[in-house]
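Subject: Structure handover

Hello,

Here is the structure I promised to pass on. Please keep it open while you read my notes below.

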Amino acid sequence: MTMTTIQTAPIDGQKPGTSGLRKKTRVFMGQHYLENFVQAIFDGIGGVAGKTLIVGGDGRFYNDTATETILRMAAANGAAKVIAGQNGLLSTPAASHLIRSMKTDGGIILSASHNPGGIDEDFGIKFNMPNGGPAPESVTNAIFDVTKTIETYQIYNGDTVDLSTLGHSALGEMQIEIVDPVSAYVDLMQTLFDFPAIKAMIASGTKIRFDAMNAITGPYASAIIEDLLGATKGSVVHGTPLPDFGGMHPDPNPTWAHELMDEMMGSDAPAFGCASDGDGDRNMIVGPNCYVSPSDSLAVIAANATVAPGYAGGLKGVARSMPTSAAVDRVADALGIECYETPTGWKFFGNLMDDGRVSLCGEESFGTGSDHVREKDGVWAVLMWLNIMASTKKSVPQIMQDHWEKFGRNYYSRHDFEAIETDKADAMITALRGKLAGLSGQTFGTLTIETADDYSYLDPVDGSTSAHQGVRVVFKGGARFVVRLSGTGTSGATMRLYAEKLDMTNFNQDPQVALADVLSVAHEIIQTEAFSGRTAPDVVT
Ligand code: VG1
Ligand code: CO
């Protein structure tokens, strides 16, 4: 047994953001960087002695080394067992499922999600609780506190670790189980969706394109969509997880999944197009010539979920992040179920799901999921859409048109201004906050401001409060814009500007045209150009 206590010292800036700690890969590769944070996780959750953990990641560069380090540190810290995905791979939703189904004490997920991967790109790590969901702020704060005082960490140096062979082994006293990353997840999906109906739809000629963006969902999508549901081989593209995602930016939005968008907007488009992100928790849905905004996707799923066997009993309630459009609120109203609004980040949905208040959750950032796990789930959303198409016998454009005719259309768009110098972005937000009190009643063209505030969330389950979760300005009639700074970036600050406007009669405008007045008032109030020098967004979704 070669268990070593290594002397270390606090490293600045190990504060988890919206979804774990994300930094440049080379930062994580720095001396003691990963080890300090892993020890802080262990200490922050009250130690891991006697506990069982799940470990896995999205396969990006450094995933394998980091997995092995975590195993060695878990062994030295007295963990009873670590269950790891083969070769260190697990999608985020699959990890969440294993944490829950194997009744473990939580898990560590290695991913920077939709951020690019590689030695010069991004890496990340987060802790998920025994419920399978991302650690809440109370826990991430405790972890951060440990990073500020850490003096030593424990690591086990004997023996080699074989991550490639399925089955049981040991590292010192700690048991290791290497599991197939895909099979348990595939079993779960079959309990939720009508596979025979989807299979029949595909057999009758419905063509699918799933762009896995060289990230983690390739093996999951091939097993489900090609092998089980019978889509032709090649329906899944970019299906092999690569350490640098083959240079792709694995963020499933129209900008980064442009190959898929080109195909779906072309003359020979498949009936259904979709993409997922680095770690498999995001999804984009596209029909022929018909991009589905994530907020609309959430609303459509809420309105139709009962077609899927796993949801046939109805939804308990729904939840959306504050910047997500109110399209789902209108569906919840019609269904007579509760709709909760939470801050950005999946960690805020966990309590609502655990408390049995909601079955379906979503974010405007291409995240949808349900209480089958405690993470958003890209492949799940794809299967839900396929189930809806198979059951309603409608195409994606028909589903959207019918939905808007019934509920109205919440025109929606997010504009991202990336890598603004941090002090400029901070000054911009500070100035904006300072203006809020005086805004209500002011008129800009045809828009009059009704309310303006800095969103603060009171968790109805545990009573905790999360303040400063985004500035929101609501106009008379319900149009609004929201501004917040990203908590997942690794260079500078990214300002996200979200705009929304409900239209009950005109459903086929370009969202950028429909929202032009809201966006222009937003920039007038924010003073974007004066503070940041930016005149146009880097990414529009
Ligand atoms: C972004 C999204 C947020 C999402 C988070 C993690 O956060 O806006 O909705 O929950 O990423 O998604 P931010 O703070 O950058 O706006 V994932 O798929 O990157 O784990
Ligand atoms: Co992700």
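In this predicted model, strand 15 (residues 317-321) runs parallel to strand 17 (residues 360-363), and the two pair over 3 bridges. Strands here are DSSP runs of E with at least two residues, helices are runs of H or I with at least four residues, and both are numbered from the N terminus. Two strands pair if DSSP finds at least two bridges between them. Alanine 319 has cysteine 361 of strand 17 as its bridge partner.

Both strands belong to an open sheet of 4 strands, in the order 16-15-17-18, with mixed pairing. Strand 16 (338-342) and strand 18 (367-370) are at the edges, each with a single partner strand, so one side of each has no neighbour in the sheet. From one strand to the next, the twist averages 15°. Helix 10 (residues 294-304) lies across strands 15, 17 and 18, at about 170° to strand 17. Angles run from 0 to 180 degrees between N-to-C directions, with axes fitted to C-alpha atoms, for helices over the stretch in contact. Contact means heavy atoms within 4.5 Å.

Next, the ligand. Ligand 1 is surrounded by 20 residues (a heavy atom within 4 Å). The closest are Thr18, Ser113, His114, Ser365 and Thr488. Oxygen atoms of ligand 1 make polar contacts, meaning N or O pairs within 3.5 Å. For serine 113, a polar side-chain atom lies 2.5 Å from a ligand oxygen. For glutamate 363, the distance from a side-chain N or O atom is 2.7 Å.

Strand 24 (residues 471-475) and strand 25 (residues 480-485) pair over 4 bridges. Valine 471 has valine 483 of strand 25 as its bridge partner.

Residues are numbered from 1 along each chain, chains are lettered from A and ligands numbered from 1, in the order written. Local features need pLDDT of at least 70, side-chain atom pairs need 80 or more, totals for chains, interfaces and linings use all residues, and side-chain values use heavy atoms, without hydrogens or water.

Best wishes

Note on methods:
Polar contact = N/O pair within 3.5 Å; in protein donor to acceptor, adjacent residues only side chain to side chain.
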